Amino acid sequence: MGQYSGYFDDLPTPRHGLQPDGRFHLGDVLVDLPPTEPIGDVGFQNCVPAAMALLAQSWFAAAKEQYNPTLDDTLKIYEKVSPFRRDPGPAALARTAQPHSGHREAHNDFGTSLLLALKVWVHQDQPLAGLLPEARSFLEIEPRSLDQVRDAVQRFGGVLVGLSLPQSIKDTSGAVRDSWFVPGYGPVYDATPGSLSSHCVAITGYSQREFFCLSAGRIRRLSPEFLLTYVEEAYTVATPGALDANPPLRDRIQADLEDIRKSDRPAGMPAFNHRWRGGNIM
């Protein structure tokens with residue numbers, strides 16, 4: 001049923017941000033999202049930089065401004081947040097439709113950690129200046145908290161999520177569906193988490209029944225159950241303007257950051273020697 005919920009009549013409940021009609025609905029303000037080229041899933045493992053750029057797009061939309069990031073923009077970000085480097089010269093983008101085989105070793109095109117990319121974005125030296133708007137801090141969404149996801153979309157423009165995608169998001173022809181949902185038989189077989197790949201998207205809109213993101217140039221509809229099943233990590237990013245508009249929150253976050261910088265690892269936290277949240281490569 002989840003894949004058909006977009007066809008049901010809307011109830012009088014809030015919707016916010018990016019919607020399937022290609023607009024950002026921000027209260028009574030409608031901001032068009034013009035068709036753009038895919039900026040991720042096009043031959044590079046650049047889904048994290050692409051999601052960061054699409055989150056920034058929602059910030060511009062909130063200010064009634066257009067921002068249409070390109071593949072080249074995301075690759076420049078990719079070079080800043082990972083060891084990835086493109087070949088010099090005009091042939092650098094010729095790989096966009098080519099398979100990875102034979103190229104990854106030279107390009108260090110192995111993706112990047114979402115958590116590490118966020119630390120670069122909020123660094124006080126602003127290494128991403130000119131590529132992305134300034135970000136002051138980021139906040140982790142608590143596991144399985146869809147209310148926090150909605151709050152983050154409404155208050156901070158969106159959420160960056162790391163997904164462990166299943167094969168079941170593809171149809172019988174092998175194309176990726178626009179609706180992502182958990183099959184009725186549950187997260188097993190082709191719906192096993194991670195059976196397709198790791199992926200990162202920016203959730204920048206929601207309705208009563210679904211969440212919305214852009215991936216490979218298309219608006220994807222994610223059911224709440226899909227997020228609960230396949231999200232491995234989720235963060236929202238706060239701009240200086242968003243924090244300055246709420247001084248108590250800004251001061252509390254700043255005090256907590258200063259405390260974290262002075263503290264060692266808490267005694268109750270395990271020593272992660274295998275795998276940990278935020279260590280996933282997307």
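1. Glu 233 is a residue of strand S10. The model is a predicted one, and the remarks on this residue should be read accordingly. The relative accessibility of Glu 233 is 0%. Because the cut-off for burial is under 20%, Glu 233 counts as buried. The side chain of Glu 233 makes a polar contact of 3.3 Å with the side chain of Tyr 235.

2. Both Glu 233 and Tyr 235 are touched by Leu 160. Leaving aside residues up to four places away in sequence, Leu 160 also touches Ala 51, Met 52, Leu 55, Leu 114, Leu 118, Trp 121, Val 201, Ala 202, Ala 234 and Val 237.

3. Leu 160 belongs to the largest nonpolar core, which has 37 residues. Together with Val 48, Met 52, Trp 121, Leu 132 and Val 237, Leu 160 touches the most other members of that core. At least two core residues come from each of strand S2 (23-26), helix H1 (47-62), helix H2 (71-81), helix H4 (114-121), strand S7 (197-206), strand S8 (211-215) and strand S10 (231-238). H1 provides the largest share, eleven residues.

4. Which residues of H2 are buried? They are Leu 71, Thr 74, Leu 75, Ile 77, Tyr 78 and Val 81. Viewed down the axis of H2, these buried residues fall within an arc of 160°, so they line one face of the helix. Their packing partners are H1 and H4.

5. The second largest pocket has a volume of about 400 Å³. Its lining is made up of 21 residues, and those nearest the centre of the pocket are Asp 41, Leu 165, Ser 197, Ser 198 and His 199. Strand S7 gives the largest share of this lining, three residues.

6. Of its 282 residues, 43% count as buried.

Terms used
Residues numbered from 1 in each chain as written. Predicted model: local features only at pLDDT ≥ 70, side-chain atom pairs only at ≥ 80, totals over all residues. Heavy atoms only, no water. Core = buried A, V, L, I, M, F, W, Y, C linked by side-chain atoms within 4.5 Å. Buried < 20%, exposed > 50% of the residue type's maximum accessible area, 1.4 Å probe, protein only. Helix = DSSP H or I, 4+ residues; strand = E, 2+ residues; numbered from the N terminus. Contact = heavy atoms within 4.5 Å. Arc of directions from axis to C-beta. Polar contact = N/O pair within 3.5 Å; in protein donor to acceptor, adjacent residues only side chain to side chain. 1 Å grid on protein atoms, 1.4 Å probe; cavity = no way out; pocket = protein on both sides within 12 Å on 5 of 7 lines; lining within 4 Å. Points joined across faces, edges and corners; volume = space filled by probe spheres on them.
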